[in-house]
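Please find below a note on the structure, arranged as numbered points for a reader who is new to it.

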Amino acid sequence: MREEAAAVRTRTSTEPIPAGRSFRDLGLGSLAVVELRNRLTERTGLRLPTTVTFDHPTPEALAAHLRARILGLHDTAREATADEDRTGATDPAEPIAIVGMACRLPGDVASPQDLWGLVSEGRDGVSGFPEDRGWDLEGLFDADPEKTGTSYVDQGGFLHDAGLFDAGFFGISPREALAMDPQQRLLLETSWEALERAGIDPWTLKGRDVGVFSGLMGQGYGLSGAAPAEVEGFGETGTASSVASGRVSYVFGFGGPAITVDTACSSSLVAMHLAVQSLRQGECSMALAGGATVMADPSTFVEFSRQRALSSDGRCKSYADAADGTGWAEGAGVVVLERLSEARRNGHRVLAVIRGSAVNQDGASNGLTAPNGLAQQRVIRKALANAGLSTADVDVVEGHGTGTVLGDPIEAQALIATYGQDRPEDRPVWLGSLKSNIGHTQAAAGVAGVIKMVEAMQHGVMPATLHFNVPSSQVDWSAGAVELLTEARAWPDTGRPRRAAVSSFGLSGTNAHLILEQAQETEPVTAEPVASESTVGVVDGVVPLVVTAASTASLAGQSGRLASFVESSEEVPLTHVAGALVTQRAMLSERAVVVGSRAEAAAALGALTRGELHPGVVTGSSFDASASGRTVLVFPGQGSQWVGMGRELLDSSPVFAQRIAECAAALERWVDWSLVDVLRGDVPAEVLERVDVVQPASFAVMVGLAAVWASVGVVPDAVVGHSQGEIAAACVAGALSLEDAAQVVAVRSQVIAGDLAGRGGMASVALPEAEVAERIERWAGRVEVAAVNGPSSVVIAGDVDALDEALEVLAADGVRVRRVAVDYASHTRHVEAIEDVLTTAFTDIRAQVPLIPFYSTVTGEWVKEADVLDGGYWYRNLRSQVRFGPAIADLLAGGHTVFVESSAHPVLVQPVSEIIDQADTEAVVGGSLRRDDGGPAPVADLDGRTVRPRRPRRLGGCPPAQCRRRPGRSSDVCLRSPALLATPYSCCRCCRAWSGGC
């Protein structure tokens with residue numbers, strides 16, 4: 001499919017076609033997609049509609065559709081209703097869980113943790129006007145409130161890096177990014193971050209019924225005159241509020257409702273209310289809700305200066321007698337919502353619960369924009385009824401609190417008339433407002449207040465409201481039990497979950513009220529980590545930390561943030577950090593693996609941040625092959641062994657040690673030496689030179705390493721073996737029991753030692769198979785091609801004298817040859833001498849249908865039946881030519897693009913790489929251990945660079961140890977350490993749109 005798309009694309013490029021990008025983004029215009037349809041019709045014989053590329057808009061999706069059509073698996077009705085099966089039955093009263101949060105707010109707040117730091121420390125985020133937006137700063141400010149075209153305030157809460165955006169990360173061109181309202185950009189960024197904070201890889205939700213509910217207000221971006229020529233064609237979608245939610249859905253591939261809400265200052269809380277209703281009605285199984293505001297021009301300051309509605313110093317003095325107007329600000333926030341039952345089923349940590357919400361309108365109030373206290377009372381009571389709670393069940397209210405002379409008293413009186421009544425005298429409802437810290441973030445105000453209160457519930461503290469002198473004299477505070485948070489207070493212990501309410505009242509007259517409840521399973525943020533079975537047993541603290549990003553600059557930024565976290569969070573085990581990085585973050589194209597103890601990891605991350613070389617860092621790039629391709633475990637024949645090859649893993653990996661113990665028990669019946677002693681190197685070196693020792697020992701290492709891979713979630717889609725490596729492959733695939741596999745490898749190696757050793761030899765020749773066969777023709781019957789490893793890698797074997805002559809002639813002709821350190825000739829006529837012995841010895845061997853697909857290098861095809869790999873097969877395996885190279889080529893053609901050699905030292909990586917190069921395709925290949933480096937570091941390097949762990953399957957025959965993992969998380973502790981997930985996806989937000997280009 002990618003080849004066909006590349007053939008018709010309207011713009012030429014040497015870059016490979018990404019399987020997950022839309023045909024439009026890949027440069028296929030309307031004529032090109034019609035041509036693609038025609039080519040596919042010709043290739044497949046299927047009648048395809050002209051709309052096929054719109055129904056299945058990526059090479060990956062279209063390939064899956066065609067495959068199903070060709071195989072007769074296509075179900076049109078089910079394809080159109082797939083989300084209904086996921087959503088299932090719903091409860092209209094079920095609480096809604098908040099499982100992820102992200103925000104950008106004034107005061108350099110880039111995360112919920114930053115926001116908590118700001119409010120808990122009593123800081124404010126108000127600053128001067130931004131200098132990068134083309135505002136006439138000299139002419140804009142004038143202290144005279146009567147002077148038209150000016151603002152008498154020069155302070156506000158600003159996002160000073162709002163003009164920065166990594167367009168390429170989201171697959172957006174620089175031209176389109178420049179045309180996009182920065183509010184749309186912020187929604188993309190915070191949506192990504194909120195999902196990752198929830199431990200969800202955003203790309204895994206593609207095609208799912210995820211809803212997007214975004215609060216947004218027009219802020220004048222792109223409205224001043226004619227658009228520059230370079231952004232023509234993108235202006236309408238770039239500035240339309242309706243597109244803001246749709247763009248998030250488009251970029252991430254969501255299929256749930258996408259709704260943009262503009263009710264002015266209540267927009268994001270109304271968006272959350274709609275998301276809650278959508279989840280409860282079963283319209284979506286997950287929702288992103290929030291809002292964004294970025295003031296592209298200063299018109300809001302100018303307009304409200306004429307109304308005398310601005311605070312003189314740009315700060316909101318919520319509910320204070322000193323209140324003199326609002327202070328404008330900007331920001332963005334997004335929360336990830338699921339039904340509570342769904343969140344628990346998915347293993348997502350619940351940060352807080354939305355018990356109820358309500359929305360209403362002021363109606364005919366005393367002026368178009370004037371608040372209506374009675375309407376506010378009604379919306380509060382509706383939200384309480386929706387939650388099934390009374391006013392006394394709420395501890396604190398995060399108020400609207402804009403600091404206006406009219407609005408605050410009306411709101412306070414409504415709160416006194418509701419929450420202030422029917423309460424115990426010693427339990428007033430507490431009132432505060434985030435706007436006193438950061439200003440009025442307009443469309444983002446409601447979601448910002450929600451994030452603040454979720455953090456406050458988790459920490460058990462109600463933060464103070466700033467810039468307060470005395471309570472407003474316009475309010476009768478004695479009329480009810482409402483107290484202002486003039487200082488931070490411990491959250492009162494009431495014997496029930498903590499609860500908070502959040503209010504937002506829009507300039508439009510639309511009011512929203514939402515009630516939050518502490519998640520009952522939420523533990524204190526200082527809780528001790530809980531060990532999980534997949535992360536225990538690391539010796540000397542050596543742990544792989546996988547860092548990924550979309551560009552090398554971003555990778556450096558990510559490593560810097562991770563270094564800071566590793567150094568400052570010693571209470572979080574490094575194993576849990578490592579687990580979160582590979583299971584709760586998207587695996588992007590640029591990667592680095594840092595291996596070592598905590599101190600070593602911090603030093604290595606620092607070097608990576610500075611662009612310096614470090615022995616503990618491996619970097620590389622990945623691509624679609626490793627992200628979406630199928631994985632093959634490769635098991636070599638003899639030659640990977642070395643003295644002490646299992647020592648370090650026996651000490652550092654409980655999984656490996658357990659599997660080796662099982663192998664030792666299975667071999668004990670057949671051998672008179674200790675497997676553990678051999679692997680530790682506690683026997684004379686010459687012992688490992690014996691074929692009857694090295695083959696069973698290598699088998700055990702290969703099987704043990706497969707268990708290690710499985711323990712971290714890497715379960716292969718296929719296995720392939722070279723010569724004796726097929727015995728390990730059959731065991732790992734579940735075709736042979738461990739006991740039968742041990743018998744085959746032990747007995748066969750003993751027969752080789754007794755009957756074949758000393759009669760022949762083997763050697764590798766760096767020529768193609770056909771040329772080798774022609775060159776050794778003169779020694780026909782005495783020297784044969786024993787194995788074809790790759791396009792220019794062949795093994796020959798035969799009689800000692802004839803082999804010596806052949807190698808001498810080949811070397812004289814300049815051919816690179818190398819003797820294999822054996823004194824027998826496997827895969828030649830020599831083996832026929834032991835056929836009867838092996839047939840008798842393996843009479844009782846019974847094979848099963850492989851649970852993992854097994855590709856035979858003997859037959860050149862998949863093994864699909866039971867008893868194919870019976871006793872007779874293991875004679876043929878030793879006698880027949882090893883067709884390893886053709887097997888790898890077939891696997892590549894079948895979509896297998898990640899090859900991991902499971903051995904003590906990589907001996908097949910080179911020929912596999914050569915096959916990949918010859919095929920001119922994308923694939924990844926690597927080993928597990930390396931000679932004289934048998935610890936976890938080499939495994940970790942490959943794991944991070946090439947293989948994406950996934951939920952493992954339980955195998956029969958040779959079950960991997962410790963292969964259970966809950967979906968979406970590797971341990972609870974990672975999620976109790978949200979700072980780990982606080983780093984944004986990219987530090988290279990390169991598109992400074994204010995100044996006109998990238």
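**Notes on the predicted model**

1. R104, E189, E193 and R197 are joined in a network of salt bridges, a salt bridge being a side-chain nitrogen of Lys or Arg within 4 Å of a carboxyl oxygen of Asp or Glu.

2. Residues are numbered from 1 along each chain as its sequence is written, and side-chain values use heavy atoms, with hydrogens and water left out.

3. The overall figures are as follows. The protein chain has 37 helices and 28 strands; helices (H or I, at least four residues) and strands (E, at least two) are DSSP runs, numbered from the N terminus. Of its 998 residues, 58% are buried. The accessible surface of the chain comes to about 37700 Å², and carbon and sulfur atoms account for 50% of that area; accessible areas come from the Shrake-Rupley method with a 1.4 Å probe, and for residues only the protein chains shown count as cover. Among contacts (heavy atoms within 4.5 Å) between residues at least 6 apart in sequence, 80% join residues at least 24 apart.

4. Salt bridges deserve a further point, as the whole structure holds 30 of them. In one of these, R499 and E517 meet through their side chains at 2.6 Å, N to O. This pair links distant parts of the chain, with R499 in strand β14 (residues 499-505) and E517 in strand β15 (residues 510-518), 18 residues apart. R499 counts as buried because its relative accessibility is 8%, and E517 counts as buried because its relative accessibility is 7%.

5. How far apart are the closest N and O atoms of K317 and D324? They are 3.2 Å apart, and the two residues form a salt bridge. K317 is buried, at a relative accessible area of 10%, while D324 is partly exposed, at 26%.

6. The packing of two helices may be considered next. Two packed helices are described by the angle between their axes and the distance between the axes. The axes of helix α13 (residues 267-280) and helix α19 (residues 445-459) come within 5 Å and cross at roughly 70°; axes are lines fitted to C-alpha atoms, for helices over the stretch in contact, and angles run from 0 to 180 degrees between N-to-C directions. The two helices are therefore roughly perpendicular to each other, a term that covers angles of 65 to 115 degrees. The contact is made by S268, L269 and M272 of α13 together with A445, G446, V447 and V450 of α19.

7. Helix α14 (residues 299-306) has T300, F301, V302, F304 and S305 as its buried residues. These pack against α8 (137-140) and β3 (155-156). After α14 comes R308, which has a positive phi near 55°.

8. A97 belongs to strand β1 (residues 96-104) and counts as buried, at 0% relative accessibility. Leaving aside residues up to four places away in sequence, A97 touches V336, L337, E338, R339, L340, A343, V350 and A352. A97 and R344 are 247 residues apart in sequence, yet their C-alpha atoms are 9.1 Å apart in space.

9. Two loop residues call for comment on backbone geometry. H827 is not a glycine, yet its phi is positive, at about 65°; H827 sits in the loop between β24 (817-820) and α32 (835-841) and counts as buried, at 4% relative accessibility. D920, also not a glycine, has a positive phi of about 50°. D920 lies in the loop between α35 (909-919) and β28 (924-926) and counts as exposed, at 70% relative accessibility.

Terms used. Buried < 20%, exposed > 50% of the residue type's maximum accessible area, 1.4 Å probe, protein only. Parallel < 35°, antiparallel > 145°, perpendicular 65-115°, else oblique.
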